Amino acid sequence: MQNNPFLKPTFFNMQSYKYQQKETSEKSYTREDWQGGYKSLTQEFDYWIDDVEGEIPAELQGTLFRNGPGLLDIKGQSIHHPFDGDGMISRISFVNGRAHYRNSFVKTAGYLAEKNAGKILHRGVFGTQKPGGWLANIFDFKLKNIANTNVIYWGNKLLALWEAAEPHRLDPKTLETLGKEYFDDVLSAGEAFSAHPRFDPSCEQDNGAPCLVNFSVKPGLSTKITIFELNLAGEVVRKHAHNVPGFCFIHDFVITPNYCIFFQNPVSFNPIPFALGLRGAGECIQVKPNQPTRIIIIPRFPQSGQKEIKTLEVRSGFIFHHVNAFVVGDEILVDSICYDSLPEVEPESDFRQVDFEAIAPGQLWRFYLNLKDGTVQKKLIESRCCEFPAIHPRNVGRSYRYLYMGAAHRDSGNAPLQALLKIDLESGEKQIWSAAPRGFTGEPIFVPRPGSEKEDDGWVLALVYDAAHHRSDVVILDASDFTKGAIARLHLQHHVPYGLHGNFTPQVFV
């Protein structure tokens with residue numbers, strides 16, 4: 001990484017950096033096409049994918065799991081925001097040059113109750129209300145565990161994650177929901193287990209074995225952050241909690257071999273409209289643009305003498321997702337997708353009518369956290385609208401060269417994700433594969449080629465919604481060269497609603 005141009009920053013002020021949309025009326029999409037990906041999928045499927053363009057690589061063996069809101073309405077009653085939709089697991093298995101698709105809803109107690117009742121019975125975090133107005137919702141603080149944000153296979157367990165509560169466990173072969181997972185009672189009932197774990201490829205505390213690092217947040221006037229570390233058997237081997245001042249809205253974090261790093265977005269929470277049944281909890285969060293973002297650096301191994309928590313500050317912005325973190329000298333470098341602000345969810349709004357052009361895009365920034373002098377500097381790496389970053393799993397918490405993201409088709413302004421972007425952080429080279437005008441992308445997953453040494457030797461997998469046929473494709477790209485185009489497009493028999501996160505495992509469950 002000695003030649004990495006991003007190690008010698010030219011700094012920008014995020015508050016004063018305003019994106020400029022090109023003077024053109026031409027768009028790469030229509031809103032009607034984009035809206036098609038937000039229709040519910042009520043049916044559960046189980047079939048071999050026979051409609052394939054190109055060729056599935058014979059070396060690609062394993063399973064891609066995806067999670068996201070499968071239901072955007074309950075018997076015609078629309079939910080207010082897709083983040084309130086019930087989780088649906090998609091499983092794409094690759095074996096001997098073929099692929100198999102299966103999906104299933106996570107059969108949470110709330111999902112089953114609403115399916116039997118045929119109507120909305122629970123309030124959602126992002127504004128979904130029970131029918132009947134504020135009188136039907138006042139003082140109802142019970143939220144449905146929707147298990148819709150991520151899915152991981154760890155310790156021989158398939159887990160659907162939602163950051164506000166405990167995971168749900170599923171059978172990886174049948175996708176049957178088996179119940180809630182408490183990790184041998186290390187978690188208590190209702191205790192959160194974040195939807196954004198990080199997988200340390202080599203943990204010194206475990207003699208170099210991989211481990212899973214995750215967290216939970218219990219916000220209030222002060223916030224309790226609990227960190228969990230699980231071994232390969234899925235056992236919690238380390239757990240420690242820390243209190244930090246102020247209300248924390250933290251969706252993601254990053255790790256290094258010795259630290260967990262959290263960005264505390266500058267927000268406040270007013271619970272009164274939520275308590276009175278007027279708004280969802282997520283609608284009661286307000287960004288404080290005049291307050292700094294606080295960066296909380298927590299040692300991973302306090303039992304080994306690393307006890308001091310460091311807190312740094314930087315000019316405000318809003319972060320959902322980070323790419324990675326690694327140490328260079330006295331600095332921790334953190335790459336993140338940053339927004340000028342959090343777009344607020346209005347009570348009477350319709351998320352399907354969002355005005356993309358009126359919102360500043362997410363962009364890729366690098367933060368330089370100097371642990372010696374307590375300063376933070378930052379640099380804009382990529383101004384194109386982007387989200388859902390992915391890297392080679394062996395580089396988590398370490399220095400890395402390549403990253404992959406969902407991106408807008410155009411290089412300026414805000415728009416739906418329609419492309420996949422590869423960035424070489426060493427040379428600055430960028431490659432883009434676009435599904436525009438009628439295709440819409442999400443999170444890419446990097447899968448290394450078995451036995452490979454090169455960091456970008458493998459494949460990038462993504463689900464792409466095809467509005468022309470109202471179906472989704474599983475797209476396979478050569479991670480080393482996007483200019484080849486898709487080496488395979490697997491046409492599903494149906495669409496999969498826009499998802500959130502997922503993971504790949506070399507195990508096959510057909």
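Is A147 buried or exposed in this structure? A147 is buried, because its relative accessible area is 0%, where buried means under 20% relative accessible area, exposed means over 50%, and partly exposed lies in between (1.4 Å probe, protein chains only). Before we go further, please note that this is a predicted model, in which local features need pLDDT of at least 70 and side-chain atom pairs count only at pLDDT 80 or more, while totals for chains, interfaces and linings use all residues. Residues are numbered from 1 along each chain as its sequence is written, and side-chain values use heavy atoms, with hydrogens and water left out.

Let us stay with A147 for a moment. A147 sits in the loop between α3 and β8 (150–154); helices (H or I, at least four residues) and strands (E, at least two) are DSSP runs, numbered from the N terminus. Its phi is near 45°, a positive value in a residue other than glycine. N156 also has a positive phi, near 60°, and is likewise not glycine. You can find N156 in the loop between β8 and β9 (157–161), and N156 counts as exposed because its relative accessible area is 61%.

Now for a group of histidines. The unreviewed UniProt entry lists H196, H251, H321 and H501 under "binding site". These four are spread over 306 residues of sequence, yet they cluster in space, with a largest C-alpha distance of 12.5 Å. UniProt positions are given here in the numbering used for this model, feature names are shortened, and annotations may be inferred rather than shown by experiment.

Two of these histidines are worth a visit. H251 is in the loop between β15 (236–245) and β16 (254–255), and H251 is buried because its relative accessibility is 13%. Setting aside neighbours within four places in sequence, H251 is in contact with residues including H196, H321 and H501, where contact means heavy atoms within 4.5 Å. The side chains of H251 and E163 are joined by a polar contact of 2.6 Å. A polar contact is a pair of N or O atoms within 3.5 Å; within protein, one must be able to donate a hydrogen and the other to accept it, and residues adjacent in sequence count only if both atoms are side-chain atoms.

H501 lies in the loop between β34 (486–491) and β35 (502–505). With a relative accessible area of 3%, H501 is buried. Apart from neighbours within four places in sequence, H501 is in contact with a set of residues, among them H196, H251, H321, R66 and E443.

From the loop that holds H251, β16 leads us to a sheet. Strands of a sheet pair through backbone hydrogen bonds, either parallel or antiparallel.

T128 is found between α2 (109–117) and α3 (133–137), and T128 is buried at 4% relative accessibility. Its side chain makes a polar contact of 2.8 Å with the side chain of D84. P437 is in the loop between β29 (430–434) and β30 (439–440), and the peptide bond from A436 to P437 is cis, with omega near 10°.
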